[in-house]
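Please read the following report alongside the sequence and the three-dimensional view.

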Amino acid sequence: MEDKVRAVALKYFLPEQIDGIKVINDRVIVTLVNAAENADKTQSLKQAIAEIEGVNKVSVVYTANKAFSGLKAPDEMWQIRGVKKIIAVASGKGGVGKSTTAVNLALALANQNKKVALFDADIYGPSIPTMLGYEGVAPYSMDGHTFEPFDNMSIKSMSVGTLIDKSQPLIWRGAKACGALQQLLCDTNWGDIDIMVIDMPPGTGDIQITLSQKVKMDGAVIVSTPQDIALIDAVKGINMFKRINVPILGLIENMSYYICEKCGHRADIFGHAGAKKTAEAMGETFLGEIPLHYAIRENADNGTPIVFAEPESVYTEAYENIAKKIIAKL
Ligand SMILES: Nc1ncnc2c1ncn2[C@@H]1O[C@H](COP(=O)(O)OP(=O)(O)O)[C@@H](O)[C@H]1O
Ligand SMILES: [Mg+2]
């Protein structure tokens, strides 16, 4: 498949302009270097690839050959052009499924006819490029100052991971991390966006607080697994947002329960309804539960989130129900 796509791409672009070709099932992602001005050619390329047998969806992304233009010091409130509402997806600790939730929620919001952007602010472990299938691709800049967002699977997105060297992830701290986040958020040409979802760094440290204060957040969604230990951290997260006057939209319980593929038995592996009880005790909304399921993991880690890969599944329905509640609250 990849060879066929490359042969087609070479009819439109020079070999040095074709940076990469990725095939995931029936989806093709072509990465072009500094070719954004060739909109007509890109359109023809997309059509030609779509005609290859077995291809169902074609995305073209651009990478820059211009260097990242340096870091700015954080100033007062950060202005994010074109974006109407901003919600933070946060968690008290890492590994609870914050990014999986953020990406599927963003896609579910887009399914409700909203123009959606997803911003990956997790400087400690950015995973949106992997989840949306553009890992290793640098953001494209037309003018050397602003970035074009990635545009695939019906949402615009940008990740701090596109700027972080995976082997040196801890170099960015404090003001430097904030400067990079500010630059990516404010200097990306988002276009018209109804709702931006921000995948926050886990925990309640200085970066999380600064980000939540500099960006005018319309609400925070807290993700937790049902274990007590995770819920204790979720409570800390809720309290952090309250302290800085960001409204809490509600709590989501992820990896809530497991349904056996063979017998249909429901197993509450980590106990039952912990997040619901915690939300009620704190006077906050419980937004819903997402089961633990291998298809959710497999799709997230393979670059095709479940809401995109299995639009008719009960898992997609669970994310869409949460998306509807969030839209009603905004
Ligand atoms: N509901 C779920 N069912 C199965 N696997 C899940 C679920 N939610 C998340 N995962 C998996 O758990 C791991 C951690 O999730 P991730 O979203 O990366 O967490 P975080 O962003 O909080 O660190 C990933 O491998 C992901 O695919
Ligand atoms: Mg994550």
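The sections below describe the model one topic at a time.

## Model and confidence

This is a predicted model, in which local features need pLDDT of at least 70 and side-chain atom pairs count only at pLDDT 80 or more, while totals for chains, interfaces and linings use all residues. Residues are numbered from 1 along each chain as its sequence is written, and chains are lettered from A and ligands numbered from 1 in the order in which they are written.

The pLDDT, the predictor's confidence in each residue from 0 to 100, averages 89 over the chain, and 92% of the residues score at least 70. In residues 65–74 the pLDDT is below 50, although this stretch has 21 contacts in the model beyond near neighbours in sequence. Here two residues are in contact if their C-beta atoms, placed from the backbone, lie within 7 Å. Where pLDDT is low, the predicted coordinates should not be read in detail.

## Domains

The chain is divided into domain 1 (2–63) and domain 2 (83–329), with bounds that come from an automatic or database domain assignment. The centres of the two domains, taken over C-alpha atoms, are separated by 29 Å.

At the boundary, nine residues of domain 1 are in contact with twelve residues of domain 2. On the domain 1 side, strand 1 (18–24), strand 2 (27–33) and strand 3 (57–63) each supply at least two residues, and strand 3 has the largest share with four. Helices (H or I, at least four residues) and strands (E, at least two) are DSSP runs, numbered from the N terminus. By class, this side of domain 1 has five nonpolar, three polar and one charged residues. Ala, Val, Leu, Ile, Met, Phe, Trp, Tyr, Cys and Pro count as nonpolar, Asp, Glu, Lys and Arg as charged, and the others, Gly among them, as polar.

## Nonpolar core

A nonpolar core is a set of buried Ala, Val, Leu, Ile, Met, Phe, Trp, Tyr and Cys residues joined through C-beta atoms within 7 Å. The largest one has 94 residues, of which Ile87, Val89, Ala106, Val197 and Ala220 touch the most other members. Helix 3 supplies the largest share of this core, eight residues, and at least three residues come from each of domain 1 and domain 2.

Leaving aside neighbours within four places in sequence, Val89 has contacts that include Lys98, Thr101, Leu105, Val197, Asp199 and Val223.

## Shell around ligand 1

Ligand 1 is surrounded by 19 residues, the closest being Gly97, Lys98, Ser99, Thr100 and Arg297. A residue is near the ligand if its C-beta atom, placed from the backbone, lies within 6 Å of it. Helix 3 (98–111) and helix 9 (294–301) each supply at least two residues of this shell; helix 9 gives the most, with four. The shell divides into seven nonpolar, nine polar and three charged residues.

## Loop residues

Burial is counted from C-beta atoms placed from the backbone: a residue is buried if 20 or more others lie within 10 Å of its own, exposed if 12 or fewer, and partly exposed in between. Asn25, in the loop between strand 1 and strand 2, has a positive phi near 55°. Asn25 counts as partly exposed because it has 14 C-beta neighbours inside 10 Å. Asn113, in the loop between helix 3 and strand 5 (116–120), has a positive phi of about 65° although it is not a glycine. Asn113 is exposed, with 9 other C-beta atoms within 10 Å.

Asn38 lies in the loop between strand 2 and helix 2 (39–50) and is partly exposed, with 16 C-beta neighbours inside 10 Å. Asn38 and Phe13 are 25 residues apart in sequence and 9.6 Å apart in space, C-alpha to C-alpha.
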